[in-house]
Amino acid sequence: MRKIILLIICLYLGGIIVSNAIDKVEENIFKLSSNELIHNSTLPKAQILNKYGCDGGNVSPHLSWNNPPINAKSFAIICHDPDAPKPNGWYHWLLVNIPINTREINQAGKIQGALETKTDFETTGFGGACPPIGHGIHHYNFTIYALDVEKLDVNADDNPVEVEKKVLEHAVAKSTITGLFERK
């Protein structure tokens, strides 16, 4: 009987140790969060374009991230709509060369030392959601990438597909929040 009780106690304590270890691992996962965006929910009006029949604020959202991998040297943020009726989807925002000590960008914020590159709107900076009417729900993927280089060799006027390729070549981790929007 004593052995059974000791076995039960050991299993119980072992379960606590494993559970705590799992909690610690989850705490240390590279994760993107926002005060404005809720994953797989409708985009706030602030992130909707303010032209072409859309009437939003056309500002980038607040984003924050934590627990980058130890080998990360910088970050990049890309907002992409894969549902756009265009072969590569639609690039709404590309922000690269974000310094490694940065953990947040405020709504409509800028980051010193970072570079915004050209979007599919043919401008730099954030361009909000405004899909074609009747085209269904679009997914706006806001992704933060941890990169293994301090600076990507890109220019502000580089093609968004090429910028994304360079980001992916150097990505060591990523985290995404997806916002949804549909025009009826």
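These questions and answers go through a predicted model of one protein chain.

Local features need pLDDT of at least 70, side-chain atom pairs count only at pLDDT 80 or more, and totals for chains, interfaces and linings use all residues. Residues are numbered from 1 along each chain as its sequence is written, and side-chain values use heavy atoms, leaving out hydrogens and water.

Reader: How many helices and strands are there in the protein chain?
Author: Helices (H or I, at least four residues) and strands (E, at least two) are DSSP runs, numbered from the N terminus. Along the sequence they follow the pattern α-β-β-β-β-β-β-β-β-α-β. The count is two helices and nine strands.

Reader: What share of the residues in the protein chain is buried?
Author: Buried means under 20% relative accessible area, with a 1.4 Å probe and protein chains only. Strand S8, residues 138-147, is mostly covered, with eight of its 10 residues buried. For the 184 residues of the protein chain, the buried share is 40%.

Reader: Which strand does S8 join by 10 bridges?
Author: Two strands pair if DSSP finds at least two bridges between them. S8 pairs with strand S4 (residues 74-81) in the antiparallel sense over seven bridges, and Ile77 has Ile144 of S8 as its bridge partner. The strand joined to S8 by 10 bridges, also antiparallel, is S9 (residues 171-181).

Terms used:
Buried < 20%, exposed > 50% of the residue type's maximum accessible area, 1.4 Å probe, protein only.
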